[in-house]
Amino acid sequence: MVEWTDKERAAISDIFSKLDYDEVGQKCLSRCLIVYPWTQRYFGAFGNLYNAEAIMNNPLIAKHGTTVLRGLERALNNMDDIKNTYAELSVLHSEKLHVDPDNFKLLSDCLTIVIAAKMGTTFTPEYQASFQKFLSVVVSALGKQYH
């Protein structure tokens, strides 16, 4: 079980309270698909992903990016039991969708970059450390079914 300090909880909650899920979700998923093009193989039904512009303007990518952030909100609301919160989602991604668990880490890195750019100097080293700890717990929970 992960131990969270009050400062970590406050920082993570504060980050989420400032997010525009539609904007940040679209930007982080688009960045992941552009920077790591092999991740596109899971989005074959999403239409045109032929170049960066097509990815950034794809409404299905934007919608799924928002879904990802709403999923992270579930973890935020269940920080003391993220593993069980994501048990069903982990099975879906591993057994049905066959998503490589390393892709969750890539997406979390892209999310951190997008949030850092959006928040600027208010994304302090302490905020970043708390957020990356949170994301590492989420990534670990999503990858559990693979081990």
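1. Asp-20 is placed in the loop between helix 1 and helix 2. Helices here are DSSP runs of H or I with at least four residues, strands are runs of E with at least two, and both are numbered from the N terminus. Asp-20 is partly exposed, with a relative accessible area of 39%. The cut-offs are under 20% for buried and over 50% for exposed, with partly exposed in between, using a 1.4 Å probe and protein chains only. The C-alpha atoms of Asp-20 and Leu-69 are separated by 9.5 Å, although these residues are 49 positions apart along the chain.

2. The model is predicted, so that local features need pLDDT of at least 70 and side-chain atom pairs count only at pLDDT 80 or more, while totals for chains, interfaces and linings use all residues. Residues are numbered from 1 along each chain as its sequence is written, and side-chain values use heavy atoms, with hydrogens and water left out.

3. The protein chain has eight helices and zero strands. From the N terminus on, its elements run α-α-α-α-α-α-α-α. Of its 147 residues, 43% count as buried. The accessible surface comes to about 8,200 Å², and 55% of this belongs to carbon and sulfur atoms; such areas come from the Shrake-Rupley method with a 1.4 Å probe, and for residues only the protein chains shown count as cover.

4. A contact means heavy atoms within 4.5 Å. Among contacts in the protein chain with a separation of 6 or more, 72% are accounted for by residues 24 or more positions apart.

5. Glu-8 and Lys-133 may be read together. Glu-8 belongs to helix 1, and Lys-133 is found in helix 8. Glu-8 is buried, because its relative accessible area is 15%, whereas Lys-133 counts as partly exposed at 24%. Not counting residues up to four places away in sequence, Glu-8 touches Glu-3, Ser-130 and Lys-133. With the corresponding residues left out, Lys-133 touches Val-2, Glu-3, Trp-4 and Glu-8.

6. Ser-30 lies in helix 2 and is buried, because its relative accessible area is 2%. Leaving aside neighbours within four places in sequence, Ser-30 is in contact with Ile-55, Met-56 and Ile-61. Asn-77 lies in helix 4 and is exposed, because its relative accessible area is 58%. Asn-77 and Ser-13 are 64 residues apart in sequence and 9.2 Å apart in space, C-alpha to C-alpha.

7. The largest nonpolar core holds 41 residues, of which Phe-16, Leu-72, Ile-82, Leu-111, Ile-115, Phe-131 and Phe-134 touch the most other members. At least two residues of this core are supplied by each of helix 1 (6-17), helix 2 (21-35), helix 4 (59-77), helix 7 (102-119) and helix 8. Helix 8 gives the largest share, nine residues. A nonpolar core is a set of buried Ala, Val, Leu, Ile, Met, Phe, Trp, Tyr and Cys residues joined through side-chain atoms within 4.5 Å.

8. Ile-82 is one of the core residues that touch the most other members. Apart from neighbours within four places in sequence, Ile-82 is in contact with Trp-4, Ala-75, Phe-134, Val-137, Val-138 and Ala-141.

9. The second largest pocket has a volume of about 190 Å³. Twelve residues line this pocket, and the closest to its centre are Met-1, Val-2, Ile-82, Lys-83 and Val-137. Helix 5 (82-85) and helix 8 (125-142) are the elements that give two or more residues to the lining; the largest share, three residues, comes from helix 8. A pocket, on a 1 Å grid over the protein atoms alone, is an open set of points where a 1.4 Å probe fits, with protein on both sides within 12 Å along at least five of seven lines, and lining residues have an atom within 4 Å of a point. Grid points are joined across faces, edges and corners, and a volume is the space filled by probe spheres set on the points.

10. By class, the lining of the second largest pocket has seven nonpolar, one polar and four charged residues. Ala, Val, Leu, Ile, Met, Phe, Trp, Tyr, Cys and Pro count as nonpolar, Asp, Glu, Lys and Arg as charged, and the others, including Gly, as polar.
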